[in-house]
Amino acid sequence: MDSLTLPSIFITLIVYIAAIKLAKRFPSPFTTPILTATAVIIVILSSLGISYNQYTPAKDWMTFMLGPATVALAVPMYKNQKIIKDKLKPAVWGLMIGTISTITSAVWLTKALGLSDRFQATSAVKAVTTPVAIEAAVLIGGNPPLAAAFVITAGIFGAVLGPIILSLVKITDPFSRGLGIGTVSHGIGTSQIMMEGPVQGAVSSLAMGAAAIITSIILPWIYPLIHF
């Protein structure tokens, strides 16, 4: 283990815990923990002269822990299984439409901006969790590192702006809010919407996983149809 690994992990944990406390004391879309923690960590690492390559071993250790953390998302889903079962049919339709719309809008927007084919392919996977996005991007000729950056960016914007947009269009139903955030903002959005309530968190967790599965299945088929 590199000498900077443990200090980097410690710094990251302290900053994130502080960001959570800040969000609770001053609740606002702009105090979303993932947003403030990311900004502060970048400043700290830059100030200490720690490069991304030096930080990578710490990042890999924390990324490894995403496995158990993802499994833990099954707990709120289990506790709210009744409401999920009751609304499963409309949820499936919502997931399908939301996933296809996300892929299509991303590809068409990048095409309208005159960006390259590889850029368009990479943007198509921005709404799913990073491991799935990286593999899916390869299938359609995208750039895996850029796909990861897109996923993180989409997640942060979804976590910050998603709840605001849902409120502006008067979507207050907990199930619907969780479904919308989980479909387009994966784990980062899910961590934020969980703060609203257990139903939102449970549904968002389910939507995140389902959207990743749907995307990995339909993307190789739908991408050639929308990329013309």
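**A friendly note on cores and surface**

1. Let's start with M96, which sits in helix 7 (helices are DSSP runs of H or I with at least four residues, numbered from the N terminus). This is a predicted model, where local features need pLDDT of at least 70, side-chain atom pairs count only at pLDDT 80 or more, and totals for chains, interfaces and linings use all residues. Residues are numbered from 1 along each chain as its sequence is written, and side-chain values use heavy atoms, leaving out hydrogens and water.

2. Now look inside. The largest nonpolar core has 30 residues (such a core is a set of buried Ala, Val, Leu, Ile, Met, Phe, Trp, Tyr and Cys residues joined through side-chain atoms within 4.5 Å). Among those with the most contacts inside this core are L95, L179 and Y223. Helices 7, 9, 10, 11 and 12 each supply at least two of its residues, and helix 12 gives the most, with 13.

3. Follow L179 next: leaving aside residues up to four places away in sequence, L179 touches A91, L95, V203 and A207 (contact means heavy atoms within 4.5 Å). A second, separate core has 10 residues, including I11 and I41.

4. Finally, find T122 in helix 8, residues 117-123. T122 counts as buried, at 0% relative accessibility. Beyond residues up to four places away in sequence, T122 touches G142, N143, L146, A147 and F150.

Terms used:
Buried < 20%, exposed > 50% of the residue type's maximum accessible area, 1.4 Å probe, protein only.
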